[in-house]
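Student: I have a structure to go through. Can we test each label against its cut-off?

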Amino acid sequence: MADWKAAAAEKRQSLVNLIPTEWVIPAPPPPDAQRDVTGDYVRQYLTEDEVSITESEVPTILRHIHQGQWKARDVAAAFCHRAALAHQLTNCLHEIFFDAALHDAHALDDHFAATGKLKGPLHGLPISLKDQFHVKGVETTMGYVGWIGTFQGEKGTGKEKVFESELVQELRDLGAIFYCKTSVPHTLMSGETINNIIGYVPNPKNRLLSAGGSSGGEGALLGLRGSCLGVGTDIGGSVRFPSAFNGLYGLRPSSGRLPYEGMANSMDGQNTVLSVLGPMAHSVDAVKLFTESVLSKQPWLHDPLVVEIPWRESVFQSTLNNSKPMVFGVLANDGQVSVQPPVERALRRVADVVKSLGHTLIEWDPPSHERATELAYGAYILDGGRDIFESFALSNEPMSNQVAQMYGREPKPESTASQVAALNVKKRAYQKEYMEYWNSTSKLNDLQEPVTAVIAPISAFAAPTPEKFHYYGYATFVNVLDYSSVVIPVTHCDKDIDVFDDRYVPMNSIDEQTWKDYDADTYHGAPVGVQLVGRRLRRKRYLRWQQ
């Protein structure tokens, strides 16, 4: 068996070799000397045209391409360049295929010039993908050294660099351009992104902090505007963490809404808590456009788990134009871990805006989220970690400390069929209890309406410092309930405002650790986001006030 370090180094260098020489830049100063590598820092390596293109919003990019003002190839080249810079600054890429992107974009330009027609609503739009998606011509390692040169750890399947995930095929048909796949933590089961191939992915706005995980490469790439629209996945917060940590919008839809067919994954076949895919972007408009476009392909015809619910623009517009006040719950504290000062301030700001728009706020006091966290963790280890330990054994590479927090260093006994069934019964009972609590909120406000959405933290902190992501409860309850959630960027940490409260009395040991981990100077400048949580398969109404 080849040495895992050599295999990882070779793969890592292969990415560097795919970056054009003229795009190679000096290594940035250390994080304590240059925290923020976004904005002016990265712009110094770009032309004015490249800055204009890559800092435009998705609707603007599409309008310029579709009206013939920008060439799809020029747009793709600009994003390839900025993505190459982003990787050199944050280790955010697993796969680079710039040449294929430029070839595909050129073909779209030729098609448009010859016919005057667009391939689809996303004609010419560069889209980045988390390294769970299979794309023709490139491999998927999902952060495992042992997956290099294989199809999900297996050789000779005939699928290596040939097979494509269902969503990739649909986005191609819609006219999208693919140019890179982004970094993930090996196993995917961490709120930080680290693996033995690319190392650690820092937050580009504040490199003392994490970019998040498991869609952390997407978060960092988007944070540096090396992408205008990316796709991540979420089984415990993996779209929402990096979206919030990098100042982005991110959608975690309910399962069965968007096509997951043909994706690489950990614990494939575990159906108690399902992973879902979702868009990450710089605007609500981009999130809406992605969802609407994908649903136009009728994914339920090709993914047996997608429910047949088309995009209904008339329903969306009627909701958008409805001036009737809504009721919002506010979850300020889940009773397990208190949020740090920047997150507390962000929650107050969102609540104040909602109230100023004429909506009603109530305190959200639901069934215990501790139970939801226990259910989620129970689902994640149903196989005792067998799936991930087998993947590590392919190369004998070590597991990161971040992943070991959940799985330990050795496999555990697998659950029996009866134990799986019992866990599913507990989950269903919890979902029923939470549902009835939600219904009961109509009795807690003058409008006599149940809560439309809950304003909640996505985590207790703006972003974790390395190896200090100890609590996931603000995210995992959404996955257990299979509710919809949208992350919205709110503000940035400010050391002069978000001061440490030395009088705080912790509720438990994890709360104490989270409280002690906060340092106003360290967090200064980092983005802060919150989530809006809606019921299962509902995401339109609670976006209205953002518009």
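Student: Where is the place of Ser214?

Tutor: Ser214 is in the loop between strand S7 (206–210) and helix H8 (216–223). Keep in mind that this is a predicted model.

Student: What kind of peptide bond joins Gly213 and Ser214?

Tutor: A cis peptide bond, with omega at about 5°.

Student: Why is Asn195 called buried?

Tutor: Its relative accessibility is 3%. Buried means under 20%. So Asn195 counts as buried. Asn195 lies in strand S4 (residues 194–195).

Student: What makes the approach of Val184 to the side chain of Asn195 a polar contact?

Tutor: The backbone oxygen of Val184 is 2.7 Å from a polar atom of the Asn195 side chain. The limit is 3.5 Å, for a donor and an acceptor among N or O atoms. The side chain of Asn195 also reaches the backbone nitrogen of Ile198, at 3.0 Å.

Student: Which residues does Asn195 touch, not counting residues up to four places away in sequence?

Tutor: Asn195 touches His94, Gly143, Val184 and His186.

Student: Is Thr187 buried or exposed, and why?

Tutor: Thr187 has a relative accessible area of 0%, so it is buried. The cut-off is under 20%. Thr187 sits in the loop between strand S3 (177–182) and S4. A polar atom of its side chain lies 3.0 Å from the backbone nitrogen of Met189. Beyond four places in sequence, Thr187 touches Met142, Tyr144, Ser266, Ile388, Phe392 and Val403.

Student: Why does Gly153 count as buried?

Tutor: The value is 19%. Buried needs under 20%. So Gly153 counts as buried. Gly153 lies in the loop between strand S2 (126–130) and helix H7 (166–173). Leaving out residues up to four places away in sequence, Gly153 touches Gly146, Trp147 and Leu394.

Student: What distance separates the C-alpha atoms of Gly153 and Thr140?

Tutor: They are separated by 9.5 Å, and the two residues are 13 apart along the chain.

Student: Why is Gln298 called partly exposed?

Tutor: Gln298 has 38% relative accessibility. Partly exposed falls between the buried cut-off of 20% and the exposed cut-off of 50%. So Gln298 counts as partly exposed. Gln298 is in the loop between helix H10 (284–295) and helix H11 (313–320). Its phi is near 50°, a positive value in a residue other than glycine.

Student: And why is Asn396 called exposed?

Tutor: Asn396 stands at 55% relative accessibility. Exposed means over 50%. So Asn396 counts as exposed. Asn396 has a positive phi of about 65°, although it is not a glycine. Its loop runs between helix H14 (386–393) and helix H15 (401–407).

Student: How many disulfides are there?

Tutor: The count comes to 0. Take Cys80: the nearest cysteine sulfur, that of Cys180, is 7.6 Å away. A disulfide needs sulfur atoms within 2.5 Å. Cys80 is in no disulfide.

Student: Why is Cys80 called buried?

Tutor: Cys80 has a relative accessible area of 1%, so it is buried. Cys493 counts as buried because its relative accessibility is 4%.

Student: What makes the pair of Tyr518 and Tyr523 tilted?

Tutor: Their ring centres are 5.4 Å apart, with 40° between the planes.

Student: How do you know that the charged end of Lys159 sits over the ring of Phe163?

Tutor: The charged end of Lys159 is 5.2 Å from the ring centre of Phe163. The distance limit is 6 Å, and an angle limit of 35 degrees from the ring normal applies too. The Lys159 charge is listed as sitting over that ring.

Student: Which residues touch the most other members of the largest nonpolar core?

Tutor: Leu125, Ile127, Leu171, Tyr179, Phe290 and Tyr407, out of 162 residues. Helix H5 (residues 72–90) gives the most to this core, with 12 residues. Beyond its neighbours within four places in sequence, Phe290 is in contact with Leu167, Leu171, Leu229, Val231, Leu258, Leu277 and Pro279.

How values were computed: Residues are numbered from 1 along each chain as its sequence is written. This is a predicted model: local features need pLDDT of at least 70, side-chain atom pairs count only at pLDDT 80 or more; totals for chains, interfaces and linings use all residues. Side-chain values use heavy atoms; hydrogens and water are left out. Helices (H or I, at least four residues) and strands (E, at least two) are DSSP runs, numbered from the N terminus. Buried means under 20% relative accessible area, exposed over 50%, partly exposed in between (1.4 Å probe, protein chains only). Contact means heavy atoms within 4.5 Å. A nonpolar core is a set of buried Ala, Val, Leu, Ile, Met, Phe, Trp, Tyr and Cys residues joined through side-chain atoms within 4.5 Å. Rings of Phe, Tyr and Trp (its six-membered ring) pair if their centres lie within 6.5 Å; planes under 30 degrees apart count as stacked, over 60 as edge-to-face and the rest as tilted.
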